[in-house]
Protein chains: 2
Amino acid sequence: MVDTSKMVKAKVWVLDRRPLGEPTIEDFKLLEEDLPPCSDGDVVIAAECLSVDPYMRYRARKMPLKTTMPGGQVARVLESKSPSWRVGQYMVCYPGWRSHTLVTAKELKEGGLGSYTPLPDLKDFPKSTGLGVVGMPGNTAYFGFLELCQPKSGETVLVNGAAGAVGSAVVQIAKIKGCKVIASAGSQEKCEWVKSLGADHVFNYKTTSVTQALKDAAPDGINCYFDNVGGQFTLEALPHMADFGRVSLCGAISTYNDETRDKGQLVANSPFDAGLIITKQLRVEGFLVPRWIARWMEGLNQLKQWVVEGKLKYQETVTEGFENMPKAFIGLFHGDNIGKAIVNV
Amino acid sequence: MVDTSKMVKAKVWVLDRRPLGEPTIEDFKLLEEDLPPCSDGDVVIAAECLSVDPYMRYRARKMPLKTTMPGGQVARVLESKSPSWRVGQYMVCYPGWRSHTLVTAKELKEGGLGSYTPLPDLKDFPKSTGLGVVGMPGNTAYFGFLELCQPKSGETVLVNGAAGAVGSAVVQIAKIKGCKVIASAGSQEKCEWVKSLGADHVFNYKTTSVTQALKDAAPDGINCYFDNVGGQFTLEALPHMADFGRVSLCGAISTYNDETRDKGQLVANSPFDAGLIITKQLRVEGFLVPRWIARWMEGLNQLKQWVVEGKLKYQETVTEGFENMPKAFIGLFHGDNIGKAIVNV
């Protein structure tokens, strides 16, 4: 007989329907499930805060329907039969959009980005920064910018989505490295924050044309372009690249809800014009942050140090309630968040 | 009084009208001019053979009208008042589409790709190879492929325009480096020649879909893509890239006659999809071969050695008559040439 009194109920968001264009609440479904019992070597964890990120839109295009939406969370150990974990300890992990999770002994041992790692000691900073500036978005900025753009002191850097979790970190890392920074965001409030982070030129792409802004701010051309947005922004930005410019292609959020892509159609509608890439001798490189998994802690330690020293500031936009995961996620595409979008359970 | 008996008459092709779409004979105009007298330090040269190359279409978009079409030639010294050059000596130089040229002492001293350099000792090979396999197209293949694609032995390489001057060299260099080579060209005759150069898979893109050809020939993906063609070819090729694939963007001949580009319109119609570049973590890099000017002779010496050893084969398509320069040039866009397109004066 199973002792149902100890059973843990988990809430789980699954992808119920394939998004076509902008995702809607109805594309997701909230389920409840009983976790299996915690066996030798296993732990049961409870999410305290979860991350919503634009990349999830990409995953939603190909992941099997009726399966759990992917994503990271900071979780507390509720029950432990593992010698490596004690009850009450915090971890950063990627079980997806789940309130509670049974993690098996085998899963706990697995490496890679999906591994279960202790939350870094974040001093007085909120635990949620382990999902943001001292987490995957932080490392996305750190490695994606420094490794692919190879910025030199004095060079001009362009960052869009600059009030986002990744973009705001890139702005500040570029300043730490001695670059001139041109940044864009989608509201006056966001632009003011980005300006306060040290960006040299900030423009609101909703009220100022990219072409005009860059004509004024980058008369000698852009050496490094960290692109989170793609689409029309990049189309207008590319002619302003300097010879031998480097583009770190992190994301293209302006295109994620493009229906032709959802339908898997092969359409030549990219802004990365071959003629410009050739004549300006540009290097355009895409990345997924797990490629630097072997250097993961190097990045987090550096980011944490900068945060503690006050050189790397951050903001969070917190949505309360696990039931609001889809709402917070969809909000990403409306620019609802300043800094990292977090959902508190 | 000027001694007109010694005056040299030069024939010169100028760009008379801005091409819109495919260039026509009427876009060019043949002029005759009297060369100024040969002063101290100067030389007078006579072109023996000239090069027509796709890049000239690009130049025609922005160069001033009524000025000389740019390009390289192998020329013989007719008259010399320079201590560095003797009458009868051959040089490789870039005075443009001209039958005869007065080169001043100052011009002779200038460095860079436009410099006046002695024709390498090509043994029994025709002098025109100094414009092809042991010239700029050879170095375009050598540096553009090796430096940007960084091919490793055993990797899969895709080359289009593979029966052209550059493509045919890339095919063979990739084989020398131990790669598996997939190549495409636009006729059965061309495909047979490319096959004879050692390519593992060759397809005629006019009769076989790129998608199907690559599905069959590159089931594990393409590591290195040397792109001369762009457009629809690249649109279909990109989904077949392997993770961390490298694209060396040499040219995009399929788009050079695109009127929207002639009009300078900013249109998002590139095949280099950001989503593919990100998820496959591709590196796409464009180049102009003068970036390797400091290593120019390294390339030519290696190419010459391979040619002498029989490891690097070439073909030429020769058009007779300086008056046929525009015809030979326009033919490039119809795939008229196998190997290097040369015009004999």
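Guide: Two residues are in contact if their C-beta atoms, placed from the backbone, lie within 7 Å. By that rule, 19 residues of domain 1 of chain A touch 17 residues of domain 2 of chain A. This is a predicted model, where local features need pLDDT of at least 70 and side-chain atom pairs count only at pLDDT 80 or more, while totals for chains, interfaces and linings use all residues. Residues are numbered from 1 along each chain as its sequence is written, and chains are lettered from A and ligands numbered from 1 in the order in which they are written.

Visitor: Which classes do the residues on that domain 1 side fall into?

Guide: Eight are nonpolar, seven polar and four charged. (Ala, Val, Leu, Ile, Met, Phe, Trp, Tyr, Cys and Pro count as nonpolar, Asp, Glu, Lys and Arg as charged, and the others, Gly among them, as polar.)

Visitor: Why is H3(A) called roughly perpendicular to H10(A)?

Guide: Helix H3 (residues 136–149) and helix H10 (residues 296–308) of chain A pack at about 100°, with axes 9 Å apart. Angles of 65 to 115 degrees count as roughly perpendicular, under 35 as roughly parallel, over 145 as roughly antiparallel and the rest as oblique. That makes the pair roughly perpendicular. Their contact has five nonpolar, four polar and no charged residues; among them, Tyr142(A) and Phe143(A) are in H3(A), and Trp296(A) and Leu300(A) are in H10(A).

Visitor: How do you know that S13 of chain A and S13(B) pair?

Guide: Two strands pair if DSSP finds at least two bridges between them. These two have three bridges, in the antiparallel sense, and Arg283(A) has Glu285(B) as its bridge partner. The whole contact between the chains takes 30 residues from chain A and 29 from chain B.

Visitor: What makes S10 of chain A and S10 of chain B edge strands?

Guide: Both belong to an open sheet of 12 strands with mixed pairing, running from S10(A) to S10(B). Each S10 strand (201–204) has a single partner strand, so one side of each is left without a neighbour in the sheet. Elsewhere in chain A, S11 (residues 222–227) and S12 (residues 241–249) pair in the parallel sense over five bridges, and Cys224(A) stands opposite Arg246(A) in S12(A).

Visitor: Why is Glu32(B) called exposed?

Guide: Glu32(B) has 9, so the residue is exposed. Glu32(B) lies in strand S2 (residues 28–34) of chain B. Beyond neighbours within four places in sequence, Glu32(B) is in contact with Lys9(B) and Lys11(B).

Visitor: And what makes Glu323(A) count as partly exposed?

Guide: Glu323(A) has 14 C-beta neighbours inside 10 Å, so this residue takes the middle class. Glu323(A) sits in the loop between strand S14 (316–320) and helix H11 (325–331) of chain A. Leu30(A) is 293 residues away along the chain, with 7.6 Å between the two C-alpha atoms.

Methods
Helix = DSSP H or I, 4+ residues; strand = E, 2+ residues; numbered from the N terminus. Axes fitted to C-alpha atoms, helices over the stretch in contact; angles between N-to-C directions. Buried ≥ 20, exposed ≤ 12 C-beta atoms within 10 Å, placed from the backbone.
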